[in-house]
Amino acid sequence: MRYGDGGGVDARGRARREVVRGQAAGMFAGGMSAVQVAAVLEVSTKSAYAWRRAWAGGGQDALASRGAPGPRRRLSQALQQRLLQVLRDGPAAAGWDEEQYWTLARVRTLIGRMFHITVATSTVWRLLRRAGWRPQQPIARAAERDEQAIARWRRYQWPAVKGSRAGWARGSASPTSPASR
């Protein structure tokens, strides 16, 4: 099979397959059979026969890519860029004052407010992934946090609270240890 990796469903994969279909159209115009085209282009005969039928019915334009599979995206590139700019400004700029991190539910609500479009949470997830956003666990730290006091406590008080590693029993419990004989 020519596309062992599945051919991809991104724009590059579609463009690569369209080039192959264009080569097939040229071969059909030159009088080659579907079986010969399949052998030369290293595709299945089923695909070659389907391309031949499409080519006979509508020429090379009938073999052009129909675009990405699935439903059309609800947010255009321009709308996505506007949304990402608001996301970069932070939740406080968009009206959320409680915690300063984005959740999928918040982004979904923001899309509804900005564009009057309802999208699924999974759509928000895919949109953020395409934009390069990754899930993060926020670091919750108090605004009053005193790093010097924490370092001092760790240095002087924690060892006293923690005690020794051995606890009350000193030495080794190993049967091979001379102290245990």
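Residues 24 or more positions apart supply 38% of the contacts in the chain with a separation of 6 or more. Contact here means heavy atoms within 4.5 Å.

This is a predicted model, in which local features need pLDDT of at least 70 and side-chain atom pairs count only at pLDDT 80 or more, while totals for chains, interfaces and linings use all residues. Residues are numbered from 1 along each chain as its sequence is written, and side-chain values use heavy atoms, with hydrogens and water left out.

## Overall make-up

The chain has 7 helices and 0 strands. From the N terminus, the order of elements is α-α-α-α-α-α-α. Helices (H or I, at least four residues) and strands (E, at least two) are DSSP runs, numbered from the N terminus.

Of the 181 residues, 23% count as buried. Buried means under 20% relative accessible area, exposed means over 50%, and partly exposed lies in between (1.4 Å probe, protein chains only). The chain exposes about 13500 Å². Carbon and sulfur atoms supply 53% of that area. Accessible areas come from the Shrake-Rupley method with a 1.4 Å probe; for residues, only the protein chains shown count as cover.

## Helix pairs

Axes are lines fitted to C-alpha atoms, for helices over the stretch in contact, and angles run from 0 to 180 degrees between N-to-C directions.

| Pair | Axis separation | Crossing angle |
|---|---|---|
| α1 (residues 11–29) and α2 | within 10 Å | roughly 140° |
| α2 (residues 34–41) and α3 (residues 45–58) | within 8 Å | roughly 125° |
| α4 and α5 | 11 Å | about 125° |

Angles under 35 degrees count as roughly parallel, over 145 as roughly antiparallel, 65 to 115 as roughly perpendicular and the rest as oblique.

Take α1 and α2. Their axes cross at roughly 140°, so α1 and α2 are oblique to each other. The crossing is right-handed. A crossing is left-handed if the near helix is turned anticlockwise from the far one by less than a right angle, and right-handed if clockwise. On the α1 side, the contact uses V20, Q23, A24, M27 and F28. On the α2 side, it uses A34, V37, V40 and L41. By class, the contact of α1 with α2 has 8 nonpolar, 1 polar and no charged residues. Ala, Val, Leu, Ile, Met, Phe, Trp, Tyr, Cys and Pro count as nonpolar, Asp, Glu, Lys and Arg as charged, and the others, Gly among them, as polar.

Next come α2 and α3. These two helices are oblique to each other, and α2 passes α3 in a right-handed crossing. A34, V35, A38 and L41 in α2 touch T45, A48, Y49, W51 and R52 in α3. That contact of α2 with α3 divides into 7 nonpolar, 1 polar and 1 charged residues. A34 and L41 of α2 also meet α1.

From α4, the residues in contact are L79, R82, L83, V86 and L87. From α5, they are V107, L110, I111, M114 and F115. The contact of α4 with α5 has 9 nonpolar, no polar and 1 charged residues.

## Loop residues

Two loop residues have positive phi. E42 lies in the loop between α2 and α3. Its phi is near 60°, a positive value in a residue other than glycine. E42 is exposed, at a relative accessible area of 52%.

H116 lies in the loop between α5 and α6 (121–130). Phi of H116 is near 55°, again positive in a residue other than glycine. H116 is exposed, with a relative accessible area of 71%.

The loop between α4 (77–89) and α5 (104–115) holds G95. G95 is exposed, with a relative accessible area of 52%. The C-alpha atoms of G95 and L110 are 9.6 Å apart. These two residues are separated by 15 residues along the chain. L110 is one of the α5 residues that meet α4.

A92 is also in the loop between α4 and α5. A92 counts as partly exposed, at 41% relative accessibility. Leaving aside residues up to four places away in sequence, A92 touches D97 and Q100.
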